[in-house]
Amino acid sequence: LGSLALPPYDPTPLYLRLQEQIKSAIDAGKLKPLEALPGERDIAESFNVSRVTVRKAISGLVEQGLLTQRQGSGTFVAVPPQRVEQPLSRLTSFTEDMRLRGLEASVVWLGRTVSLASPQEAMRLSLSPNDTVARLRRLRFANKVPMAIECATVPTRFLPDPTVVEASLYDVLEARGCLPVRALQRLHAANLNTEDAGMLEVAPGAAALAIDRLSYLENGTPVEFTQSFYRGDAYDFVAELNLRR
Ligand code: 16G
């Protein structure tokens with residue numbers, strides 16, 4: 001990282017100076033994306049500052065999204081996401097979207113359960129009160145960079161056992177003859193809470209796009225209601241507009 005070669009009378013707080021050093025090491029490529037930062041004690045010793053200062057500098061950079069912390073494994077240089085341009089006019093799956101871009105889609109499962117539909121789910125998916133739904137909650141990655149948190153709810157009539165979904169929900173629905181052909185999608189801006197931001201490796205409160213998708217079979221039966229948070233720094237949703245004459 002170099003060393004803090006600033007004059008002793010510099011009024012800038014030490015932790016800010018340390019942040020500058022770390023930032024320029026990242027900019028200069030001395031610290032690369034996904035590279036682990038040296039341990040707190042090593043940084044404190046080589047810069048001759050206290051560990052409290054190191055901790056303050058690091059937590060500021062985590063908040064700015066330049067570093068990420070993974071529980072138990074330390075602090076890393078954050079990966080700037082590849083921006084993904086997503087047309088809003090086609091009904092596609094995440095797996096397919098990534099495949100088309102030559103990116104590798106992967107998943108970390110946060111939950112795959114079956115239970116009674118909540119009144120809200122029953123209303124959205126046109127179910128009766130004692131119908132059951134499969135809930136699939138997952139963190140989705142493009143080339144190992146976390147992109148979105150998705151929670152899909154599918155009536156068990158279409159998906160009796162959610163654990164059969166390994167990679168693509170739509171592939172499983174297609175194989176079962178119930179691939180949605182139409183969807184209503186709603187987007188709004190949101191700030192990520194600390195937990196979701198941690199999973200997406202961005203700063204708490206970072207901007208995200210909250211997206212709800214309700215998709216239907218040809219005959220109008222709802223198949224899937226999915227609520228997701230897409231990283232605001234990674235996604236551009238693009239729509240073609242035509243002048244109405
Ligand atoms: C997309 C959909 C989501 C759907 C998923 C299926 C949005 C905002 N959401 O991520 O509703 O469940 O694709 O993807 O586009 P999969 O087949 O790869 O599991």
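Residues are numbered from 1 along each chain as its sequence is written. Because the model is predicted, local features need pLDDT of at least 70 and side-chain atom pairs count only at pLDDT 80 or more, whereas totals for chains, interfaces and linings use all residues.

**Helices α1 and α3**

Select residues 14-27, helix α1, together with residues 51-63, helix α3. Helices (H or I, at least four residues) and strands (E, at least two) are DSSP runs, numbered from the N terminus. The axes of α1 and α3 come within 8 Å and cross at roughly 55°; axes are lines fitted to C-alpha atoms, for helices over the stretch in contact, and angles run from 0 to 180 degrees between N-to-C directions. That angle makes α1 oblique to α3 (under 35 degrees counts as roughly parallel, over 145 as roughly antiparallel, 65 to 115 as roughly perpendicular and the rest as oblique).

Next, display the side chains of Leu14, Tyr15, Leu18, Gln19 and Ile22 in α1, which meet Thr53, Val54, Lys56, Ala57, Gly60 and Leu61 in α3. Contact requires C-beta atoms, placed from the backbone, within 7 Å. This contact of α1 with α3 comprises seven nonpolar, three polar and one charged residues (Ala, Val, Leu, Ile, Met, Phe, Trp, Tyr, Cys and Pro count as nonpolar, Asp, Glu, Lys and Arg as charged, and the others, Gly among them, as polar).

**Helices α2 and α3**

Glu40, Arg41, Ile43 and Ala44 of α2 make the contact with Arg51, Val54 and Arg55 of α3. By class, the residues of this contact are three nonpolar, no polar and four charged.

Move to β4 (residues 105-116) and β5 (residues 132-142), which pair in the antiparallel sense over eleven bridges; pairing requires at least two DSSP bridges between the strands. Val114 has Ala134 in β5 as its bridge partner. Strand β5 also pairs with β6 in the antiparallel sense, over ten bridges, and the bridge partner of Phe141 is Pro146 in β6. Centre on Asn143, in the turn of the β5-β6 hairpin, where phi is positive at about 45°.

**The ligand**

Finally, select the ligand and the 14 residues around it, of which Ser93, Thr95, Ser168, Tyr170 and Thr226 come nearest (C-beta atom, placed from the backbone, within 6 Å). The shell has five nonpolar, five polar and four charged residues.

Conventions:
Two residues are in contact if their C-beta atoms, placed from the backbone, lie within 7 Å.
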